[in-house]
Amino acid sequence: MNPNDDRPVIADASSTPARPRWRILLEAGSLHLGGTWLHECRKPDCDRAVPVNVLFCCPACSTADAGRYELDAHSGGCDETWVERQRQSRLLGLE
């Protein structure tokens with residue numbers, strides 16, 4: 001509240017960075033792309049979307065998570081899959 005006024009103080013929306021809609025849907029567990037429901041990769045420092053029937057986006061993330069170390073590079077094919085999912089989200093207007 002503003003001490004000189006009874007009206008609530010409203011934050012300037014431009015000071016908050018906008019998050020893509022696909023990220024908000026993914027975190028809520030309701031992102032559906034290309035006929036597949038997706039959730040976040042279970043590796044804490046990976047933000048890629050994966051089908052709900054798998055835990056990690058690639059074997060490299062799985063191995064890094066099991067060993068509790070940072071990932072140097074994703075497994076072959078993972079980058080391409082991620083680019084395709086991002087493309088699908090753009091086509092659906094979720095950016």
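This report walks through a predicted model of a protein, from its overall layout down to a few single residues.

## The model and its confidence

Residues are numbered from 1 along each chain as its sequence is written. Because this is a predicted model, local features need pLDDT of at least 70 and side-chain atom pairs count only at pLDDT 80 or more, while totals for chains, interfaces and linings use all residues; side-chain values use heavy atoms, with hydrogens and water left out.

So what is pLDDT? It is the predictor's confidence in each residue, from 0 to 100. The protein averages 84 on that scale, and 82% of the residues score at least 70.

## The parts list

Let's start with the pieces. There are three helices and three strands, and from the N terminus on they run α-β-β-β-α-α. Both kinds of element are DSSP runs, numbered from the N terminus: helices are H or I with at least four residues, and strands are E with at least two.

How much of the protein is buried? Of its 95 residues, 27% count as buried. The cut-offs are simple: buried means under 20% relative accessible area, exposed means over 50%, and partly exposed is in between (1.4 Å probe, protein chains only). The accessible surface comes to about 6700 Å², and 53% of that belongs to carbon and sulfur atoms; such areas come from the Shrake-Rupley method with a 1.4 Å probe, and for residues only the protein chains shown count as cover.

## The sheet

Strands of a sheet pair through backbone hydrogen bonds, either parallel or antiparallel. In this model, three strands make an open sheet in the order β1-β2-β3, with antiparallel pairing. Two strands pair if DSSP finds at least two bridges between them. The edges belong to β1 (31–33) and β3 (49–51), each with a single partner strand, so one side of each is left without a neighbour in the sheet. On average, neighbouring strands here are turned by 50° against each other, direction ignored.

Now zoom in on the pairings. β1 and strand β2 (residues 36–40) pair over three bridges, and β2 and β3 also pair over three bridges.

Which strands does α1 touch? α1 packs on the sheet and touches β1, β2 and β3, with its direction at about 85° to that of β2. Helix α3 lies across β1, β2 and β3 too, running at about 95° to β3. For these angles, axes are lines fitted to C-alpha atoms (for helices, over the stretch in contact), and angles run from 0 to 180 degrees between N-to-C directions.

A contact means heavy atoms within 4.5 Å. Of the contacts with a separation of 6 or more, 33% come from residues 24 or more positions apart.

## A pair of tryptophans

Rings of Phe, Tyr and Trp (its six-membered ring) pair if their centres lie within 6.5 Å; planes under 30 degrees apart count as stacked, over 60 as edge-to-face and the rest as tilted. By this rule there is one aromatic pair. It is made by Trp22 and Trp82, edge-to-face, at 5.4 Å centre to centre and 75° between the planes. Trp22 sits in helix α1 (residues 21–28) and Trp82 in helix α3 (residues 78–91), so the pair ties together parts that are 60 residues apart in sequence. Both Trp22 and Trp82 are buried.

Ser89 lies in helix α3 and is buried, with a relative accessible area of 1%. Not counting residues up to four places away in sequence, Ser89 touches Trp22, Leu33, Leu94 and Glu95.

Cys58 sits in the loop between β3 and α2 and is buried as well, at 6% relative accessible area. Leaving aside neighbours within four places in sequence, Cys58 is in contact with His74, Ser75 and Cys78. Is Arg68 buried or exposed? Arg68, in the loop between α2 and α3, is exposed, with a relative accessible area of 66%. Its phi is near 55°, a positive value in a residue other than glycine.
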